[in-house]
Amino acid sequence: MTAILSVLQLLIFPAGIFLILISCIYEWLDRRLVAQFQNRVGPRWFQPLADILKLLSKEEIVPISVNRTLFILLPIFAFACVMTAALYVPMFGMESVIGYPGDLIITMYLLSAMTVSLGMAGANSMNRFAVVGATRTLTQLFAYEGPFMLALLIPALVAHSWEIDDVAIYASNHTWMILTYPIGFAIALIGLIGKLELSPFDAPEAESEIVSGVLSEYSGRGLALFHIAKNVELVVGLALISAFYLGGIGNLLFFTIKTLALLMLISLLQSTLTRLRIDQTVGLWWQIGALLSLGQLLIIILARIL
Amino acid sequence: MTEKNTFDLSNIDLSKGNPRNALVDRIRSWARINSPWAIHYNSGSCNGCDIELLTIITPRYDVERLGVKMAGTPRHADVLVVTGSVTLQSRDRLLRIYNQIPDPKFVLALGSCALSGGVFHDCYCCIQGGVDKVIPVDVYVPGCPPRPEAVIYGLVKLLDVIKNGKTNPTENKPTLIPSESELIDLERPAESA
């Protein structure tokens, strides 16, 4: 019985098909909000779903010079990573499906593995644009990953636990951490923008410079899987930040309101800020982001000692 | 760049005799109608059509509400929008871009030059006639340059083409694609020493 329940949780609810459909709605909201900020009408509500179905029904071309196995397996690996990460994160007002001490590290590792597989896909494509995109993706990964990780570890340090559910429960019983640790919140949110490669950190897939970055050679199924993986990563990231910094698990209504508010903030930043060069991105993260998150960490440690 | 076709499910006609497959076909064609991603190629245009084409993604006309997205690479695109008469220089590139688009693919010829050669008809550096001499064209949008409304009307006509079942990739293939070396021989006869 428990086995059937686990399979259902894995494939249908809360991970699996349900999460894919929800992430489609989040992508639509993001695109719609950006369109509204740009004074446009924007896409219809079923647009991401139609895009994904169309990509899945299109031909997939494997270029002759690539490693075929990697080219076919990397999208599946990236997709599997984010779907697994979704199991550890409390979403839609419920506790996470699986929880054990240390799952925060696993989740962050899985989210990074998705970006790494994206970079590997680009490097494997043997296309000059994809290779440049892969270089930028991995460079950017090393830029934001440290501060982003520290920003997610701050609530864990405060709650004395490495388990996401414990931290979320601690967060719901105390003052919202966005008020007590605002620097950590800002770094986590901006780190999420970097992770999703949205503007201003969209140098890896800058359409005006390097056609579509790492995904230049992908078509059909591979592109669709990377597309879904990015969307699910958006939902997982929003859920993680709202659980840590915006008062814990809450219920379905509060989860929706909090994540939509965060999404609106991300869309606003996306449509107002211009693209940073890759050296500016790295400089920003290591000169300002890392110092700020280390400072926040220092404050916590000093407060605990004194 | 040569490429191999894999996972080419779209070549298999699934719709015969099975209602479930008919449903799959319907979902597929719904998705295709609602998400035509376009790539724009200038094969020798004076840039007038290109400027008019770009206005359709601006706030005033915004074709994202029809699901149109400008793709960066031919690998992501469904619709190839060609402007301008095809010059001898750009013909091979046009063919290559057309071949890089995964099936099913559609072509929209934009402007008088793409339709017939326009003012560049009989020019020494262009092929005689329009884009359809090189690749098969689904929808023609006349005008010099066409107004953005006309471009959007052409796009909607193209969606009708997709809806009416012209999604079989075998029909989409050009009747004859000469190889690049053959093309060069065809157009510029080798100088006899």
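Helices here are DSSP runs of H or I with at least four residues, and strands are E runs of at least two, numbered from the N terminus. With that in hand, open the model, which is a predicted one.

**Stop 1: helix α2 of chain A**

Select residues 17–37 of chain A, helix α2. Go just past its end to A:Asn39, where phi is positive, at about 70 degrees. Now check the helix length. The expected span is 1.5 Å times one less than the number of residues. For the 21 residues of α2(A) that gives 30 Å, and the end C-alpha atoms lie 30 Å apart, so the two agree.

Which residues of α2(A) are buried? Color A:Leu19, A:Ser23, A:Cys24, A:Glu27, A:Trp28 and A:Asp30. Then show what the buried residues pack against: α3 (47–56), α4 (68–88), α10 and α11 (252–272) of chain A.

**Stop 2: α9 and α10 of chain A**

Stay in chain A and select α9 (residues 182–195) with α10 (residues 221–245). Their axes come within 10 Å and cross at roughly 175 degrees. Angles over 145 degrees count as roughly antiparallel, so α9(A) is roughly antiparallel to α10(A).

Show the contact residues next. From α9(A) come A:Phe185, A:Ala188, A:Leu189, A:Leu192 and A:Lys195. From α10(A) come A:Glu233, A:Gly237, A:Ile241 and A:Tyr245. By class, this contact holds six nonpolar, one polar and two charged residues.

**Stop 3: across to chain B**

Display both chains. In this contact, 26 residues of chain B meet 32 residues of chain A. On the chain B side, β1 (3–6) and α1 (19–34) each supply at least two residues. Select α1(B): with five residues, α1(B) gives the most to that side. Color the chain B side by class to find six nonpolar, 10 polar and 10 charged residues.

**Stop 4: chain B as a whole**

Chain B has seven helices and six strands. From the N terminus, trace β-α-β-α-β-β-α-β-α-β-α-α-α. Of its 193 residues, 41% count as buried. Among contacts in chain B with a separation of 6 or more, 78% join residues 24 or more positions apart.

**Stop 5: the sheet of chain B**

Select the five strands of the open sheet, in the order β3-β2-β4-β5-β6, with parallel pairing. Which strands are the edges? They are β3 (69–70) and β6 (139–141), each pairing on one side only.

Zoom in on β5(B). Is this strand mostly covered or open? Five of its five residues are buried. B:Phe106, B:Leu108 and B:Leu110 lie on one side, with B:Val107 and B:Ala109 on the other. β4(B) pairs with β5(B) in the parallel sense over five bridges. Pick B:Val81 to find its bridge partner, B:Leu108.

**Stop 6: helix α3 of chain B**

Finish on residues 88–100 of chain B, helix α3. Its 13 residues should span 18 Å at 1.5 Å a residue, and the end C-alpha atoms are 19 Å apart, which agrees. Color its buried residues: B:Ser90, B:Arg91, B:Leu94, B:Tyr98 and B:Gln100.

Conventions: Residues are numbered from 1 along each chain as its sequence is written. Chains are lettered from A and ligands numbered from 1 in the order in which they are written. This is a predicted model: local features need pLDDT of at least 70, side-chain atom pairs count only at pLDDT 80 or more; totals for chains, interfaces and linings use all residues. Axes are lines fitted to C-alpha atoms, for helices over the stretch in contact, and angles run from 0 to 180 degrees between N-to-C directions. Angles under 35 degrees count as roughly parallel, over 145 as roughly antiparallel, 65 to 115 as roughly perpendicular and the rest as oblique. Two residues are in contact if their C-beta atoms, placed from the backbone, lie within 7 Å. Ala, Val, Leu, Ile, Met, Phe, Trp, Tyr, Cys and Pro count as nonpolar, Asp, Glu, Lys and Arg as charged, and the others, Gly among them, as polar. Two strands pair if DSSP finds at least two bridges between them. A residue is buried if 20 or more other C-beta atoms lie within 10 Å of its own, exposed if 12 or fewer, and partly exposed in between; C-beta atoms are placed from the backbone.
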